[in-house]
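Thanks for coming. I have one structure to go through today, and I will keep it brief. Please have a look at it before I start.

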Amino acid sequence: MKTQKLILQASLATLMALFGQACAKKSDPAPVIAVPAPVTGVGVDTSTNVGPFQSSTGASVQFTPDNISVLNEYVALHPVNNPQNMALNVDLHDVGGGRYGGVIQISYYDNGQWNTGRFETGTGTLTSPPEGSNLKFPSDYVGTNYAEFNKWFIYNGKKVFHGFFQDSYGAIVLVIDNALDLGDGGGITEVSGSVYFKNFTTGYAQQGSVPWQGQVPCWFISYPGSPYNCQTFLGGNGLVQTTSALYPGNGYKRLGTFSSLNKVRAFNE
């Protein structure tokens, strides 16, 4: 899914925001000593990754949800009341062949605590499912790297990026559709885009956490009745063709947008 410095009121002596590995739909409370006053639309400092991502690598930036309704739909398991300081952290690496794996985190402050969703690509290549498994996928995918569809490409003359990531409750697609190149030979310096999400069908057991031992990343699952099918960008052969469209369909909804993400830090270049 423009960079400003995170502003805390001068009257606050201390803020300690510790967030765990849980996703936004099942966030564990992060202990705080003082509660920050509501400051709508304040971003994070990408030079130091302060705020909820102070111990994270990659790059952080302010994230703007489309509306409170879609944010509640994304969170799903508890109501969101007055979210503040929503931010996005992107920490990706080239795992080979220009495919990028890694972690996307989305965080916001609400009800006295930080809530953080952590979505991953996982590492490795896809193997055949166990005998009798209902996690069906075409044999064409066997031997494919988990990050196969996470890459830069040219769409309508523009350099863009797609990336699939998931947690135990659903999937997101990171779309970068605007890249800033100053033309000084340094390449792309900042990027902007959006995040789309698709929750797994409610009422089913959650997916296992990455690296999904014995399971299958949801972007490979093609069985129409599976609650874990998060495929999109499908080509005429029914396989994922990430260059076939710019924005995802197949039930995905846009969560929000971001601007001026430091590309060098985000992609660890």
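Predicted model: local features only at pLDDT ≥ 70, side-chain atom pairs only at ≥ 80, totals over all residues.

**A buried threonine and some salt bridges**

Where does Thr 242 sit in the chain? It is found in a loop, the one between strand S8, residues 188-199, and strand S9, residues 253-262. And which residues does Thr 242 touch, leaving out those up to four places away in sequence? They are Phe 149, Lys 151, Phe 153, His 162 and Phe 233.

Now the chain as a whole. There are two helices and nine strands in the protein chain. Reading from the N terminus, the order is β-α-β-β-β-β-β-β-β-β-α. The protein chain has 269 residues, and 50% of them are buried. Its accessible surface is about 11,900 Å², and carbon and sulfur atoms account for 50% of that area.

Next, the charged pairs. In general, side chains of opposite charge can pair when their charged atoms come close. How many salt bridges are there in this model? The count is five, and I will go through some of them.

One of them joins the side chains of Glu 73 and Lys 253, at 2.9 Å from N to O. Glu 73 is in helix H1, residues 68-75, and Lys 253 is in strand S9, so this pair ties together parts that are 180 residues apart in sequence.

Another salt bridge is between Glu 148 and Arg 99, where the closest N and O atoms are 3.1 Å apart. This pair also links distant parts of the chain, 49 residues apart: Arg 99 is in strand S3, residues 99-110, while Glu 148 is in the loop between strand S4, residues 113-120, and strand S5, residues 151-155. Glu 148 has a relative accessibility of 26% and therefore counts as partly exposed.

The last pair I will show is Glu 269 with Lys 263, whose side chains meet in a salt bridge at 2.8 Å, N to O. Here Lys 263 is buried, because its relative accessible area is 8%.

That is what I had to show. I will take questions now.

Terms used. Residues numbered from 1 in each chain as written. Heavy atoms only, no water. Helix = DSSP H or I, 4+ residues; strand = E, 2+ residues; numbered from the N terminus. Buried < 20%, exposed > 50% of the residue type's maximum accessible area, 1.4 Å probe, protein only. Areas by Shrake-Rupley, 256 points an atom, 1.4 Å probe, with all protein chains shown as cover. Contact = heavy atoms within 4.5 Å. Salt bridge = Lys/Arg side-chain N within 4 Å of Asp/Glu carboxyl O.
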